[in-house]
Amino acid sequence: MNSELLQRAKPIKLAIFDVDGVLTDGKLYFLVDGSEFKTFNTLDGHGIKMLINSGVRTAIISGRKTPVVERRAQNLGIQHLYQGREDKLVVLDELLGELGLSYEQVAYLGDDLPDLPVIRRVGLGMAVASADDFVRQHAHGVTAARGGEGAAREFCELIMRAQGSLDAAQAAYL
């Protein structure tokens, strides 16, 4: 494990996720009636739940707005949901003001150019393996897993490992 990433992950109090291409594979699925559906990875979901249980707050910031994301956030216990917000840096600043946190206390996982300003501003800004090449080049780190295929779980476990809570979270299932 990269020691710089572990150092960046130690002070994290808030983990923020993009949706399309991060919590999903990035594909958009539309039915004939115009409704949309997405597929989410259960490993990612459980990683987010473990992270929340370890005391780290969570948020989603997405440029798109769909009811399925609202339902997924509720099911996972994600405390802060922002949809239909193109300027993610503005949302980040609003959220930090509300929570009284600094940039260094925030981790962000993204995949595309709209995520890059936040990735570069926060204490731990990461990209998924399937992210745009330019975004991967400018992130602090890149997950081994692709978006929608365990990248969020990897991100959550990195934070918990750095904060010494991963072993306890895993041992709870023994």
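Reader: Which helices each supply at least two residues of the lining of the largest cavity?
Author: Helix H2 (42-53) and helix H3 (67-76) do. Keep in mind that this is a predicted model.

Reader: And where does the largest share of that lining come from?
Author: From H2, with three residues.

Reader: OK, which residues line the largest cavity?
Author: The lining is made of Leu23, Phe40, Asn41, Asp44, Gly45, Ile48, Arg72 and Leu76.

Reader: What volume does the largest cavity have?
Author: About 30 Å³.

Reader: How many cavities of 30 Å³ or more turn up in the whole structure?
Author: One.

Reader: How does anyone spot empty space in there?
Author: A probe the size of a water molecule is rolled over the atoms, and that shows where space is left empty.

Reader: Switching to pockets. How much space lies in the largest pocket?
Author: About 200 Å³.

Reader: Which residues line the largest pocket?
Author: Here they are: Asp18, Asp20, Ser62, Gly63, Arg64, Arg85, Glu86, Lys88, Asp111, Asp112, Pro114 and Asp115.

Reader: How many of the pocket's lining residues are charged, polar or nonpolar?
Author: Nine are charged, two are polar and one is nonpolar.

Reader: New topic: His80. Which strand does His80 lie in?
Author: His80 sits in strand S5, which covers residues 80-83.

Reader: Does His80 count as buried or exposed, and why?
Author: His80 counts as buried, because its relative accessibility is 13% and buried means under 20%.

Reader: What does His80 touch, leaving out residues up to four places away in sequence?
Author: His80 touches Thr58, Ala59, Ile60, Leu95, Glu98 and Leu99.

Reader: Zooming out. How many helices and strands are in the protein chain?
Author: Eight helices and eight strands. The chain is as compact as a globular protein of its length, because its radius of gyration is 15 Å, close to the 16 Å that the globule rule gives for 174 residues.

Reader: What box do the C-alpha atoms fill?
Author: Roughly 50 × 40 × 30 Å, taken along the principal axes.

Reader: And how much of the chain counts as buried?
Author: 50% of the 174 residues.

Reader: Last one. Of contacts between residues at least 6 apart in sequence, what share joins residues at least 24 apart?
Author: In the protein chain, 54% of those contacts do.

Methods:
Residues numbered from 1 in each chain as written. Predicted model: local features only at pLDDT ≥ 70, side-chain atom pairs only at ≥ 80, totals over all residues. Heavy atoms only, no water. 1 Å grid on protein atoms, 1.4 Å probe; cavity = no way out; pocket = protein on both sides within 12 Å on 5 of 7 lines; lining within 4 Å. Points joined across faces, edges and corners; volume = space filled by probe spheres on them. Nonpolar A, V, L, I, M, F, W, Y, C, P; charged D, E, K, R; others polar. Helix = DSSP H or I, 4+ residues; strand = E, 2+ residues; numbered from the N terminus. Rg over C-alpha atoms; globule rule 2.2 N^0.38 Å. Buried < 20%, exposed > 50% of the residue type's maximum accessible area, 1.4 Å probe, protein only. Contact = heavy atoms within 4.5 Å.
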